[in-house]
Structures are given as C-alpha cells and as structure tokens.
Amino acid sequence: MIKASNIHKNYGDLHVLKGVDLHIKKGEVISIVGASGAGKTTLLQILGTLDHITESKESSLFINESNINQLSQKQLSKFRNEQLGFIFQFHQLLPEFTALENVCIPAFIKKTPKAEVEKRAKELLDFLGLAHRYDHKPSELSGGEQQRVAVARALVNNPKVIFADEPSGNLDSEAAENLHQLFFKLRDEFGQTFVIVTHNQELANMADRKLVMVDGKIVG
Ligand SMILES: Nc1ncnc2c1ncn2[C@@H]1O[C@H](COP(=O)(O)OP(=O)(O)OP(=O)(O)O)[C@@H](O)[C@H]1O
Ligand SMILES: [Mg+2]
C-alpha cells in the first residue's frame, strides 16, 4: 500500500528526516512513536502528500502503486482527495458547517452526486454513533463527538489509507479508548489501512506494528 524509500526532509539547514524507509501493507494499523521533535509529523505530512520530499535521486514514494513524485500539483490534489484520509489532533472541522455537511465536503469536492454523498455521510455518522447529531455544528459537539465527525469525514471517499496525527491527544481517556477501538473496528470490517502518530502508549501497542522514530530515522 505504501512504499517509501530514503525519504529526506530539510528545513533550511535543519535536516529533519534522514533517510526513512517504510513499507506498509493493506489493512495494517501502524503506529509511529518517538520524542517530540523526532520528525513524526513531518513524515506523516510527506506520506500524506501534504508536504514535499527534499530532492534526492534515490528517494521514492509509492502509494497504492502511484508514484507520488511524478504527479503534478493538480493530480496530487485529486489523488489526496480520492485516496487519502486525514485525522488531526484538533479535528479541523469547519465551524460554520454542521456535522453532516463537514462529512460531505470531501465527497462534494470529488463531485459525487449530492444524494449519494448524503446517504454515505449519514451511514458513516450512524455507524459512529452520531445519528442524533447530524445538524449540530462543531461547537455544539463534545470533543469525542467532534473527533468522530472527523473520522467520518476522513472515510467519506473510501480512502486507501488514513493518516492520523495525535488523533486522541485532545480527548479524555474514555473518549480516546473509544476512538482507538473504532480504528480497529474499521480495519476489521473494511480492511482500512491506518498510519497513526501517537504519544498514547496503549494505542501504539495495540497496532500491528509500532515504528519508533529517533532523530529523523526509524529505528525499530
Ligand atoms: N515548517 C518548518 N520549518 C522549520 N522547522 C520545522 C518545520 N516543521 C517542523 N520543523 C522542525 O522539525 C523538527 C521535527 O518536527 P515534527 O513536527 O516532525 O516533530 P514531531 O516528531 O511531530 O514532534 P511532536 O511529538 O512534538 O509533535 C522539529 O525540530 C521542528 O522544530
Ligand atoms: Mg508532531
């Protein structure tokens, strides 16, 4: 599903990623752990095509057989919208839209017909226990509910991979636990692939594989 070789990232003189190699299979739940500043978010942004690899002849990134380095900006936006899903620490829902509308937006961008999108969005919200919250705006939802709306939004286009950066960092322990179980339920029921950056040891240990980042490299 994901094959990354020799990934480097520099910010000016700062060498943040120092040759990361990674191979992730379909249906795997991968956790990435490591000290603050190790480069976890940077790596996730690159794998998620939100940021660029610093030029290196031997670097390559393949996601679902697509060679990411060879896509134009326009192709990349389309690829990201159709094949990848994102969950962030702070849900990043749009405040002026309802839960249902927030979930629909990536599918509207993909130009899926409205009726089909709303049906799918409602199914997802129902599945996530939010059938009674379609019309609530983010400020009218609890933290755990907001994060579940973000999960539904990440899933609406049936992505090949979901990237999550500290998805439960902002939740109390019960809401975090529920969110973690949800990830594994989505994997078991739909074969969903996840790459999750987390400081939560419990979640990290539940993953199929735990990758440890130290100073810009994966060490185990
Ligand atoms: N846009 C940027 N410009 C310059 N330096 C950056 C930029 N983004 C990140 N860095 C630096 O790169 C290093 C890695 O940052 P990154 O956000 O990947 O760490 P992290 O492992 O996710 O840490 P945390 O656990 O605190 O989220 C840090 O030292 C950070 O200061
Ligand atoms: Mg980070």
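**Pockets**

A pocket here is an open set of points on a 1 Å grid over the protein atoms alone, with protein on both sides within 12 Å along at least five of seven lines, and a cavity is a set of points where a 1.4 Å probe fits but cannot get out. Volume is the space filled by probe spheres set on the points, with grid points joined across faces, edges and corners.

I'm working on a predicted model, where local features need pLDDT of at least 70, side-chain atom pairs count only at pLDDT 80 or more, and totals for chains, interfaces and linings use all residues. Residues are numbered from 1 along each chain as its sequence is written, chains are lettered from A and ligands numbered from 1 in the order in which they are written, and side-chain values use heavy atoms, with hydrogens and water left out.

I looked up the second largest pocket, and its volume is about 270 Å³. It has 16 lining residues (an atom within 4 Å of a point). Asp-51, His-52, Ile-53, Ile-68 and Asn-69 are the closest to its centre. I noted its lining as 6 nonpolar, 8 polar and 2 charged residues.

Then I went to the largest pocket, which holds about 470 Å³. Its lining has 19 residues, and Asn-81, Leu-84, Phe-86, Pro-106 and Arg-153 lie nearest the centre. I get 11 nonpolar, 6 polar and 2 charged residues there. At least two lining residues come from each of α2, β6, α3 and α5, and α3 gives the largest share with 4. Helices (H or I, at least four residues) and strands (E, at least two) are DSSP runs, numbered from the N terminus.

**Cavity**

How many cavities of 30 Å³ or more are there? I count 1, and the space in the largest cavity is about 60 Å³. I listed its lining as Thr-41, Leu-44, Gln-45, Leu-50, Phe-86, Ile-87, Phe-88, Phe-163 and Asp-165. That makes 6 nonpolar, 2 polar and 1 charged. α1 (40–47), β6 (84–87) and β7 (161–165) each put in at least two residues, with the largest share, 3 residues, from α1.

**Helix α3**

After α3 comes Lys-111, with a positive phi near 70°.

**Cores**

A nonpolar core is a set of buried Ala, Val, Leu, Ile, Met, Phe, Trp, Tyr and Cys residues joined through side-chain atoms within 4.5 Å. The largest one has 37 residues, and Leu-125, Val-149, Val-151 and Phe-183 touch the most other members. α3, α4, α5, β7, α6 (173–190) and β8 each give this core at least two residues. The largest share, 7 residues, is from α6. Leaving out residues up to four places away in sequence, I find Phe-183 touching Ile-87, Val-151, Pro-167, Phe-194 and Ile-196. Another core lies apart, with 29 residues including Val-16, Phe-79, Val-197 and Met-213.

**Thr-193**

Is Thr-193 buried or exposed? I have it as buried, because its relative accessibility is 0%. Thr-193 sits in strand β8 (residues 193–197).

**Salt bridges**

I counted 9 salt bridges, each a side-chain nitrogen of Lys or Arg within 4 Å of a carboxyl oxygen of Asp or Glu.

- Asp-215 bridges to Lys-18, closest N and O atoms 3.1 Å apart. Asp-215 is in the loop between β9 (209–214) and β10 (217–218) and Lys-18 in strand β2 (residues 14–24), 197 residues apart. Lys-18 is partly exposed, at 26% relative accessibility.
- Arg-209 bridges to Glu-28 at 3.0 Å between the closest N and O atoms. Arg-209 is in β9 and Glu-28 in the loop between β2 and β3 (29–34), so this pair ties together parts 181 residues apart in sequence. Arg-209 is partly exposed at 29%, whereas Glu-28 is buried at 11%.
- Glu-82 and Lys-78 meet at 3.3 Å, N to O. Both are in α2, 4 residues apart, about one turn of the helix.
- Arg-187, Asp-188 and Asp-208 form one network through salt bridges that share partners.

Methods
Nonpolar A, V, L, I, M, F, W, Y, C, P; charged D, E, K, R; others polar. Buried < 20%, exposed > 50% of the residue type's maximum accessible area, 1.4 Å probe, protein only. Contact = heavy atoms within 4.5 Å.
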